[in-house]
Amino acid sequence: MASISAKRLAKELKEIQTEGCPVGVNLLRADDFQTWLFSIEVMGESLYKGEVQTLQFRFDSNYPISSPAVQFLVRENEGIRAPIHPHVYSNGHICASILGTEWSPVLSVVAVCVTLQSMLASCKKKERPVDNDRYVLHAPENPKKTQFHYDDDTV
Amino acid sequence: MLLRQQPPPHAIFWRGSFFREKRNLQFRSLLEEGGDVVSGCGETIPPLELPGGGSHYHHQPTLPTAEMATFLTGDMPDDPIDFPPQSQAPGLRDLDAALRCSICGELFDGPVSLSCGHCFCSCCVRTSLSTKQECPTCRKPGNEDHIRPNPSVEEAVLAWKRARQHILHLSKQDTPASADQAESGRPTKRLKRTRKVDYDSDLECIPGPSSSASRSASITPLTPKRHERRKPVSKALIVRTPKKAGSPIPSSDVEESDEGKMTSRETDLVQCPICEKKVIMTNINRHMDNNCQDANDTRSTKSQWAQLMGNNKAKKNQTRREDNDLERLPKASYDALKDRVLKDMLKEHDLSVTGDRNALERRHQRWVMLYNANLDKSHVNRKTIPELRSDLKLWEEERGRRKKHAVQDIETYERQHKYEFQRLIEQARPKQGTKPSSARDDTPEPGSDATIHESSDVERPTMSL
């Protein structure tokens, strides 16, 4: 018996493969049910026009009850960086409520991709979070271990 | 082509079922028009060759895990997308999706509703509520006390499970000719139009010889027809009601005979193949499951008439009594319990008492959940206690396997992640200041790696992709 998380992820993957991803989102890699990679690109006019970001999902065995660990992939030596955004730290960690306290098991990988895409699309000014340096210095490897404080509900 | 696209709807409002909600997106309509927006893979492309988008990020393909392998070699989970798309079989995917739990994506298993009305598998929503006390779909506050069984949905799921294979078969039978056309994009319209003709005519529901014409008509109208049929309250009503605004000739006779057939089918007496007693059709399964000993075996003709007339009071009372036979288990507040008491509680249900305190608590918690969720099902669908026990065991093994996986093959893990470790060591060095590191400078010993790994991560670390 495959676990619930594997079954659910298999369904999501199957749907992505038959139905395709939303516009601007592409599945890069899903070799197992632990880590998936997506590329996301903001369509239309935005501050991120022409930029393609890589989004990393990590699932634990409690998915979908517990949220996936989602972050932008950062590989300095390969030139992959996190987008500059007031809610995205330079190590790729994202401060978004739906990845933390506001996660709901009815959300899906694709839903998260679209949410983050729209988070980028609605950005007014490209800047790092104010406490970026402090956070990145001591940040845990897994963004789920960070207790974010969500203060901005406009994005 | 891509520039036409607007940014997706605002994110924070993205809620709801992951099967249904997505339909709103533009890409889906484009898909059905045959547009080429989809970067992704068609059904024909094997899952591992991921096309598109990979240009800026290269990776070495890794071997799929065992789980993935089973997923790839058949044993695919059933899904709404097993059915042909909306353009070919209207409503079928939606119907299948509507009968699925939005947490696990499976057909409802013991469906229950919260006070807001949203429906989930009992077990899923109990697990979800234990982490967060709100409805997963609408986020209205909720707790386990709000859970109400939803027997109507349960029946619908049961019926759909029986019908699903058959309908899937029919829809597949129908599509091969049209599937190719649909792929190329244009001729779907023609297909739709011919469908529509069938749709309006009254011939569609009459089971005939399996000529290709009747076969092609047999799928599409199924859902709307059924829906229509369920609405009228009595037969008399049907005769008077004009069938449908769109249909040119009201054909109550077909509808009526159909209706008549259905009611008679539900209440028909059939002979039990074992005891040769006459049993009502709908009760035959339960009758045989109970070794031909019906509880209401000795009922009077009056109650038989009552059953025929749809007055199921007697039956209802009976099920209610059965429900009360089994009390739901109370939740325990584990902090206040001593080990011994906790073990007694487990022993009470013949559960294992091995493992540390945490394991015991988790086991008991899960048991209470499984047990109570089982009681949300109707009596016939319930699992037996031994079955529940083996479910619990499976669940524990699953968890155990995952945990072990993280520490298992240290050597290969170390080899695979050598560069990652080196990078981390490099990073850590300046922070440590002057004091460090004669030990750190050496090539890492297997033991030290294992400790890094164990302490730093819950799942499999994945940095060196």
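**Talking through chains A and B**

Biologist: β1(A) and β2(A) form a hairpin; how many residues lie between them?
Modeller: Strands here are DSSP runs of E with at least two residues, helices are runs of H or I with at least four, and both are numbered from the N terminus. Four bridges join β1(A) to β2(A), which run antiparallel, and two strands pair if DSSP finds at least two bridges between them. The number of residues between the two strands of this hairpin is five.

Biologist: Before we go on, which pLDDT do local features need?
Modeller: Residues are numbered from 1 along each chain as its sequence is written, while chains are lettered from A and ligands numbered from 1 in the order in which they are written. As for pLDDT, that is the predictor's confidence in each residue, from 0 to 100.

Biologist: In chain A, which element has the highest confidence?
Modeller: Chain A has a mean pLDDT of 89, and 96% of its residues reach 70 or more. Confidence in this chain is lowest in helix α1(A) (residues 4-19), at a mean of 89. It is highest, at 94, in strand β4(A).

Biologist: Is A:N26 buried or exposed?
Modeller: A:N26 sits in strand β1(A), residues 25-29, and five of the five residues of that strand are buried. The cut-offs are under 20% relative accessible area for buried, over 50% for exposed and partly exposed in between, with a 1.4 Å probe and protein chains only. A:N26 has a relative accessible area of 16%, so it counts as buried.

Biologist: Which residue in β2(A) is the bridge partner of A:R29?
Modeller: The bridges here are those that join β1(A) to β2(A) in antiparallel fashion. The partner of A:R29 in β2(A) is A:L37.

Biologist: And which residue in β4(A) partners A:R58?
Modeller: Four bridges join β3(A) to β4(A), and these strands run antiparallel. Both faces of β4(A) are covered, with A:A69 and A:Q71 buried on one side and A:V70 and A:F72 on the other. The bridge partner of A:R58 is A:A69.

Biologist: How far apart are the end C-alpha atoms of helix α2(A)?
Modeller: The expected span of a helix is 1.5 Å times one less than its number of residues. Helix α2(A) covers residues 109-121, so its 13 residues should span 18 Å. The model agrees, as the end C-alpha atoms are separated by 18 Å.

Biologist: Which elements do the buried residues of α2(A) pack against?
Modeller: In α2(A), 12 of the 13 residues are buried, among them A:V109, A:C113 and A:L120. A contact means heavy atoms within 4.5 Å. The buried residues of α2(A) pack against α1, β1, β2, β3 and β4 of chain A.

Biologist: Turning to chain B, what is the strand order of its open sheet of three strands?
Modeller: Chain B has 20 helices and five strands. Its three-stranded open sheet pairs in antiparallel fashion, in the order β2-β1-β3.

Biologist: What angle does helix α4(B) make with β2(B)?
Modeller: Helix α4(B), residues 122-131, packs on the sheet and touches β1 and β2 of chain B. Axes are lines fitted to C-alpha atoms, for helices over the stretch in contact, and angles run from 0 to 180 degrees between N-to-C directions. Between the directions of α4(B) and β2(B), the angle is about 95°.

Biologist: Over which residues of chain B does pLDDT stay under 50, with 70 contacts beyond four places in sequence?
Modeller: Chain B averages a pLDDT of 64, and 47% of its residues score at least 70. Where pLDDT is low, the predicted coordinates should not be read in detail. The stretch you ask about is residues 178-264.

Definitions and conventions: Predicted model: local features only at pLDDT ≥ 70, side-chain atom pairs only at ≥ 80, totals over all residues. Heavy atoms only, no water.
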